[in-house]
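Biologist: Please take a close look at one part of this model for me. I would like the packing and the charged contacts in one connected account.

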Amino acid sequence: ATATATATAVSSAAASASHRVPPLLHMGLAATLARDVIPHGVWFSTYDLSKNALQRREAEQSGDEKAPLSVGAQLTAGACAAFLAWVVGYPADVLKTRCQMEGAPRSLGAAAA
């Protein structure tokens, strides 16, 4: 339900912008926003959750709650975040590419069909 509401909001914003911008500048704008905005939110959320979980784990193992997070743990948190963001963002990237092709559908719904 949240993804549908977000996609609707992104489509509405893109539609209102499309009345003021030349067509070549906004082709696939809604799909581009969906591809960039949603995965970045997923990335930041996943990184924060992963980093906090790894920090708790390292604190339990070392007994020092103020110890900085190791480089390996930071890389692991970043890799988890990037993976999940790409899984979420890839379908929107495909739709964006379809919307921006010449003669392609102009809306997210038509591109998804």
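Modeller: A crossing is called right-handed if the near helix is turned clockwise from the far one by less than a right angle, and left-handed if anticlockwise. Helices are DSSP runs of H or I with at least four residues, strands are E runs of at least two, and both are numbered from the N terminus. The model is predicted: local features need pLDDT of at least 70, side-chain atom pairs need 80 or more, and totals for chains, interfaces and linings use all residues. Numbering starts from 1 along each chain as its sequence is written, and side-chain values use heavy atoms, without hydrogens or water.

Now the pair. H3 covers residues 29–62, and its axis comes within 7 Å of that of H4, crossing at roughly 165°. Axes are lines fitted to C-alpha atoms, for helices over the stretch in contact; angles run from 0 to 180 degrees between N-to-C directions. H3 and H4 are therefore roughly antiparallel (over 145 degrees; under 35 is roughly parallel, 65 to 115 roughly perpendicular, the rest oblique). H3 passes H4 in a right-handed crossing.

Next, the charges. There are two salt bridges (a Lys or Arg side-chain nitrogen within 4 Å of an Asp or Glu carboxyl oxygen). Arg35 pairs with Asp36, closest N and O atoms 3.0 Å apart. Arg35 also pairs with Asp93, at 3.2 Å. That pair links Arg35 in helix H3 to Asp93 in helix H4, 58 residues apart. Shared partners join Arg35, Asp36 and Asp93 into one network. Asp93 is buried, at 17% relative accessible area (buried is under 20%, exposed over 50%, partly exposed in between; 1.4 Å probe, protein chains only). Arg35, at 25%, is partly exposed. Asp36 is partly exposed too, at 30%.
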